[in-house]
Amino acid sequence: MRVQYVQDSAAAANEIAQAVESGRMTALQGAETATAMRNHIMELARLRGRPIGRAYATKLKRYGKIFAELSEKYAQSLYKTAFTGLDEVKQAKVYTEMVAASGRPNAIHPSSETALDTHVPVWMALADLFVGKELQDYDFDHIARRLLDAEFPVSRIETILWQEVFPVLGANLGALAIPEMEGWSEPALRSAIKDAVRHPPSAPARLVLRWRRSGNRTIRSRWTRLRRELAGLAEQSRSE
């Protein structure tokens, strides 16, 4: 449910940001729309889940932040003063930040730590896609078998790849990188990814990350190859 909420919020926030940038909507209108949008999506996300999921979501965030609260929050964050004490230019900056933040996932909640720990085997397996050496057939087979042992659906594994692992390890295959060839230790990888999840990137950083992801042919090619391996192993398991 939380993953769907984050994805829906990010997509809607991107549309609002584009409308503000193009002049079809003022910064104030964008902020008001983004606040209402995020609260509405939050409620829809609760309704999509099972009763226990709705109960957890309600405890995590009882009600969506109202517009005045958010205006004050970001005024304090940006300028360390009350929103009403800002001039029009600074108020517009606050509104723009509210639009960007509406699509940004909150820092990880402490009660989510245990759930995030279940991703560690997936992180370790997917990390092998980011090493600098050429991967062989037996490498993909080994990665796929480790992922199957983790018992995550392929769609969830793909989400973890792009949202949790790629932001941390994607630069290892960059044009100017001196790549790690043999992989990463579990403590180091666990710490790096958890830190990245706790501190989501800003709106400009997310745009850069999206550009890097779309342009990284190596990881996209390796993921396509790995998906085929996962499908083959799953078929093999069903036929046995």
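In helix α9, the residues Ile157, Thr159, Ile160, Leu161, Trp162, Glu164, Val165, Phe166 and Leu169 are buried, that is, under 20% relative accessible area with a 1.4 Å probe and protein chains only. The model is predicted, with local features requiring pLDDT of at least 70 and side-chain atom pairs pLDDT 80 or more, while totals for chains, interfaces and linings use all residues. Residues are numbered from 1 along each chain as its sequence is written, and side-chain values use heavy atoms, without hydrogens and water. Helix α9 spans residues 154-169 and has a kink of about 35 degrees centred on leucine 161; the bend at a residue is the angle between axes fitted to the seven residues ending there and the seven starting there.

The protein contains 12 helices and 0 strands, where helices are DSSP runs (H or I) of at least four residues and strands (E) of at least two, numbered from the N terminus. Of the 240 residues, 35% are buried.

Helices α7 (residues 120-127) and α10 (residues 186-198) pack with their axes 10 Å apart and at an angle of about 105 degrees. Axes are lines fitted to C-alpha atoms over the stretch in contact, and angles run from 0 to 180 degrees between N-to-C directions. The two helices α7 and α10 are therefore roughly perpendicular, a term covering 65 to 115 degrees. Val120, Trp123, Met124 and Ala127 of α7 meet Glu186, Leu189, Arg190, Ile193 and Lys194 of α10, contact meaning heavy atoms within 4.5 Å.

Technical notes. Buried means under 20% relative accessible area, exposed over 50%, partly exposed in between (1.4 Å probe, protein chains only). Angles under 35 degrees count as roughly parallel, over 145 as roughly antiparallel, 65 to 115 as roughly perpendicular and the rest as oblique.
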